[in-house]
Amino acid sequence: MKTEEATVTVKTRMKGSERREVILDAATRAFAEGGFTGTTTDAVAREAGVSQPYVVRMFGTKLELFVAVFERACERVRAMFEQVIEAGFDATSEVDRKRLGAAYAELIHDEDLLRVMMHGFSDGGVPQIGAAGREQMGWIFVTLRRTGWPDEAVRDFIAHGMLLNVLLSIRSLDDRDDLGPLDALVRCSLPE
C-alpha cells in the first residue's frame with residue numbers, strides 16, 4: 001500500500017482508538033529496532049504510513065510516544081500473567097509454575113514487544129522512562145505476588161524472564177546451532 005493511501009486509510013476510515021493502535025504498533029516495531037535514542041518520530045510515521053506531524057499531534061513528543069509504547073508492552077506482559085493466575089494457580093504446583101513460565105515464553109515470539117521492554121529498562125536514565133520502568137516493574141511484581149509465592153520466588157521468576165529477554169536481545173535464540181560457550185546457558189534457560 002502506498003504511504004498516501006495508508007495515510008488516507010489511517011486518518012479517515014478508522015476511529016481514533018484504532019488510529020492510535022496502528023501508530024502504537026508501528027512505533028513498537030520502530031523502537032524495537034532503534035530504541036528511544038535511535039528512533040525518530042519520522043521513522044515511526046513512515047512505519048505507520050502517516051505523516052510525522054500526525055504522529056506528534058496524536059502523541060506529543062517522541063518521549064511521550066516511547067513511554068506509551070513501553071508501558072503498553074509491560075502491560076501486555078502483566079495482563080498475560082493475570083490471565084494465567086486468574087485461571088487458578090496453586091503456589092506449590094510445579095505444573096502451574098511451568099504454565100506461567102510457558103505463557104511468558106510465548107511472548108518470545110513477539111520480539112518487538114520484548115525488545116521495546118529491554119530498551120525501556122536500559123534507558124532508565126531518562127527520568128520519565130526510568131519512572132515508567134519502576135512503575136511497570138512494580139506492577140509486574142505485585143501481579144506475580146498474587147501467585148502466593150514468597151517474594152524471593154517472584155524475584156527469581158522475574159530474573160529468569162529478564163534473562164530470556166537478554167538472550168533474545170543478543171540474538172542467541174536465532175542461531176542455536178553455533179552458540180559456543182553460551183549454548184548451555186540458553187538450553188537451561190528456555191522453558192521445557
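I took helices (H or I, at least four residues) and strands (E, at least two) as DSSP runs, numbered from the N terminus. On that basis the protein chain reads α-α-α-α-α-α-α-α-α-α along the sequence, and I noted 10 helices and zero strands.

The model is a predicted one, in which local features need pLDDT of at least 70 and side-chain atom pairs count only at pLDDT 80 or more, while totals for chains, interfaces and linings use all residues. Residues are numbered from 1 along each chain as its sequence is written, and side-chain values use heavy atoms, with hydrogens and water left out.

Overall dimensions and burial came next. Taken along the principal axes, the C-alpha atoms of the protein chain fill a box of roughly 55 × 40 × 35 Å. I called a residue buried under 20% relative accessible area, exposed over 50% and partly exposed in between (1.4 Å probe, protein chains only), and 42% of the 192 residues count as buried. With contact meaning heavy atoms within 4.5 Å, I found that 65% of the contacts between residues at least 6 apart in sequence join residues at least 24 apart.

I then looked at helix α8. This helix, residues 127–145, has 19 residues and reaches 27 Å from its first C-alpha to its last, close to the 27 Å expected at 1.5 Å a residue, where the expected span is 1.5 Å times one less than the number of residues. I listed I129, G130, A132, G133, Q136, I140, T143 and L144 as buried in α8. They lie on the same side of α8 because they cover an arc of only 160° around the axis, the arc being that of the directions from the helix axis to the C-beta atoms. The buried residues of α8 pack against α5 (62–86), α6 (94–106), α7 (111–122) and α9 (151–169), whereas the face turned away from the buried side carries the exposed residues P127 and R134.

In α9 I picked out G161, which counts as buried at 9% relative accessibility. The C-alpha atoms of G161 and Y104 are separated by 7.5 Å, although the two residues are 57 apart along the chain.

Last, I checked α3 (residues 41–48) against α4 (residues 52–59), whose axes come within 8 Å and cross at roughly 105°. The axes are lines fitted to C-alpha atoms, for helices over the stretch in contact, and angles run from 0 to 180 degrees between N-to-C directions. The two helices, α3 and α4, are therefore roughly perpendicular to each other, a label that covers 65 to 115 degrees. I recorded T41, D42, V44 and A45 of α3 and Q52, V55 and V56 of α4 as making the contact.

Notes: Angles under 35 degrees count as roughly parallel, over 145 as roughly antiparallel, 65 to 115 as roughly perpendicular and the rest as oblique.
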